Structures are given as C-alpha cells and as structure tokens.
Amino acid sequence: MKKFSVNSNSKIASISEALSFIREHLKKYHLNSNEESRANLMAEESLTHLIEHGNLKEGGAFYVSIKKFFGRITVKLTVPGEKFDFLETLNPGISFDEEGMPAAYEAIQNILLHSFEDRLRYSHRRGFNIITVIAVRSNRAAFWLTLTALISAVIIGALMKNFASESLCSAVNSIVLVPFNTMYMNIIKAIVTPLIFFAIVNCISPFKNFSELGRVGLKIVSAFLIKMFMATCIGVGIFFLLQPCEGIHLVASNPAVSAASIPNSDVIVNIVPSNFLRPFLEMNMFQVLFLAFLCGAGLLTI
C-alpha cells in the first residue's frame, strides 16, 4: 500500500502520481491491452469519484494498493471521507448543463462507472471510503483455494501427528475439528438433496420432446458411467497402494443385513416413494432421483 499526501496546491498532482503508480504496477502483471485499459479507466474514474466525495484536508492523504491473489488482480483505493451511497451516485441520469462542462463530465464519469458496476466493490471503514477495482477475475481461484486448503490440511495433520503431544491433538480434535466437521457435514446434507433434485428437473424441462431428451440423455449417461468407472479404478488403485486402514480392526455392534438377502424386486419397488417429502428427509437418493425425473418429465409434457 502506497501513501499519497495531498495539500491545497498539489491535489491534481497527487492524483496523477497515483494513477501513474497504478499504470506502472499493472504492467508488471502482463495484462492484455483491453484488460489494462479497462483497469486504468476504472481506477481513474473511481479515484476521482472518491476524491469528490472525500474529506481531504490540508496535509491529508489517500492510499492505493494493488494485489494479485490466485490470478485475481485488484486495485484498492482508500480515501478519507463520510459514508455515501456509492450505487446511488452512479445514476447516469444527470442533466447536461449547456453553460458548464462539470455537469457533462460528471454524467460521463457516472455512466462509465455504472457500466463497470459489477467490477467495483464499495465499503466504508473507520472514516475511509474504499473502492476495490477488480482488474482481472480468476476463473480458477476456487480451484486453487481448495487445492491449497487440502495440501495445508495434510501438512498440518502430519506435523501434529509427528511433533504435537497426544493430549494436544486430542484437545484440538474434540474442541475444534469435530464441531466444525459436524457443522460442515450437516450443511452439505441439507444442500445436496435439493440441489440434485432441482438440477435434474432443470435439465429435463427445457427439452422439446422425449426423443430429444433420449438422445442427449444417452450421451450424458454414457459419459457419466465412463467417468464413474475411471474414478472407481483410481480410488481402488490408490487404496491398495497406500493401505490407509492397515492394522485397524472394526467390530460392528449390530450386524448389517447382507445386500444379497434383499430381493431385486424390493429394490425396484422401494424406488417409488409413498411420500414426497420423506426421500428428502431420509436422503434416499434413488427416490429423490425418481421424483426429479418424474417432475422434469411432467414439466416437459406441459
């Protein structure tokens, strides 16, 4: 973060210096010409907007910082001032004054900012107005964050296992990990069933007829079965290679009913639920899939 001091004789010079700082640093990230031009334009108009609504007194300062995080490049502009409704000020419906250019300039400025509204984030903290300009979005940010979290979890778990005491590991597990794991699994269970149901209904309903659905559905099911087979082979291969459960003996308190003892006719009959809500409450995925296909087919017919 760089600080730019302002006084009554150098406000314009300080703004120009800040914009030069932004342009020079954005060039280091090797943006294409369109991204670089758009980022500079958003930063210039946003900074001018903040200065107009700011409270820069003699000897005051504003701050500019540029960050790159997992491919996402942002320009953060921080200017002291009272909180204002940023979105409301972007209303492009401002009258043009025939005698003065400020009204026309303000209208053009607001139109430009309004067109980039989805790339601007406004906040007000501790007497500062802050606009974050998203210069470049990253389509893989979620992937890299997830991968980083997985690798970090493996490293931290290995370090705790080898260097931390058993009592500390037990305390961290019972106080921190188990509650968070329970909450995470509960929210996953609450989301996954409705998500699958509405996703399937939404996929089936747009088709024109059942013949078109059959052609596309056959391709989708074939691709799914191939990927499922590949994933199963990879999982079984890694299991036999690493042997994660070696030396662990589990004893079931209640012997499970053997799958071979369940007649095939009962499996097919039980796919059809007797209650619409029960499959969602019990997370019976076969019945949820049946209801989803039934509702999707009904919408397609209508």
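This is a predicted model: local features need pLDDT of at least 70, side-chain atom pairs count only at pLDDT 80 or more; totals for chains, interfaces and linings use all residues.

Entry 1: How many salt bridges does the count come to? I get one. I also noted that side chains of opposite charge can pair when their charged atoms come close.

Is Arg137 buried, partly exposed or exposed? I looked up its relative accessible area, which is 38%, so I filed Arg137 as partly exposed. Asp118 also goes down as partly exposed, because its relative accessibility is 43%.

**Entry 2: the chain as a whole.** I stepped back for an overview. I counted ten helices and five strands. The chain has 302 residues, and 24% of them count as buried. I then looked at contacts between residues at least 6 apart in sequence, and 67% of these join residues at least 24 apart.

**Entry 3: the nonpolar cores.** Which residues have the most contacts inside the largest nonpolar core? My list reads Ile22, Leu47, Phe62, Val64, Val75 and Leu77, in a core of 31 residues. At least two residues of this core come from each of helix 1 (11–27), helix 2 (33–52), strand 2 (61–69), strand 3 (72–80) and strand 5 (128–136). There is also a second, separate core of nine residues, and Ile200, Val201, Phe207 and Leu291 are among them. As a reminder to myself, nonpolar side chains tend to be buried together in soluble globular proteins.

Setting aside neighbours within four places in sequence, I found Leu47 in contact with Ile15, Ala18, Leu19, Phe62, Leu77 and Val79.

**Entry 4: helix 1.** I checked the span of helix 1 next. Its 17 residues reach 25 Å from first C-alpha to last, close to the 24 Å expected at 1.5 Å a residue. I listed Ser14, Ile15, Ala18, Leu19, Phe21, Ile22 and Leu26 as its buried residues. Why do I place them on the same side of helix 1? They cover an arc of only 155° around the axis, so they share a side. On the other side of helix 1, I found Ile12, Glu24 and Lys27 exposed. The cover over the buried residues of helix 1 includes strand 1 (2–5), helix 2, strand 2 and strand 3.

**Entry 5: two buried polar residues.** Asn129 is in strand 5. I looked up its relative accessible area and got 0%, so Asn129 is buried. What does the side chain of Asn129 make a polar contact with? Its partner is the side chain of Tyr122, at 2.6 Å. Leaving out residues up to four places away in sequence, I found that Asn129 touches a list of residues including Leu50, His53, Leu77, Val79, Phe84 and His124.

Thr48 is in helix 2, and I noted it as buried because its relative accessible area is 16%, under the 20% cut-off. A polar atom of the Thr48 side chain lies 2.8 Å from the backbone oxygen of Glu44.

**Entry 6: positive phi angles.** Most residues other than glycine have a negative phi, and I wanted to note some exceptions. His30 is not a glycine, yet its phi is positive, about 55°. I found His30 in the loop between helix 1 and helix 2, and with a relative accessible area of 70% it is exposed.

Met283 also has a positive phi, near 55°. Where is Met283? I located it in the loop between helix 9 (278–282) and helix 10 (285–301). Met283 counts as partly exposed, at 31% relative accessibility.

My last stop was helix 7 (residues 210–242). Its 33 residues reach 46 Å from first C-alpha to last, close to the 48 Å expected at 1.5 Å a residue. Just after helix 7, I noted that Gln243 takes a positive phi of about 50°.

Methods: Residues are numbered from 1 along each chain as its sequence is written. Side-chain values use heavy atoms; hydrogens and water are left out. A nonpolar core is a set of buried Ala, Val, Leu, Ile, Met, Phe, Trp, Tyr and Cys residues joined through side-chain atoms within 4.5 Å. Buried means under 20% relative accessible area, exposed over 50%, partly exposed in between (1.4 Å probe, protein chains only). Helices (H or I, at least four residues) and strands (E, at least two) are DSSP runs, numbered from the N terminus. Contact means heavy atoms within 4.5 Å. A salt bridge is a side-chain nitrogen of Lys or Arg within 4 Å of a carboxyl oxygen of Asp or Glu. A polar contact is a pair of N or O atoms within 3.5 Å; within protein, one must be able to donate a hydrogen and the other to accept it, and residues adjacent in sequence count only if both atoms are side-chain atoms. The expected span of a helix is 1.5 Å times one less than its number of residues. The arc is that of the directions from the helix axis to the C-beta atoms.
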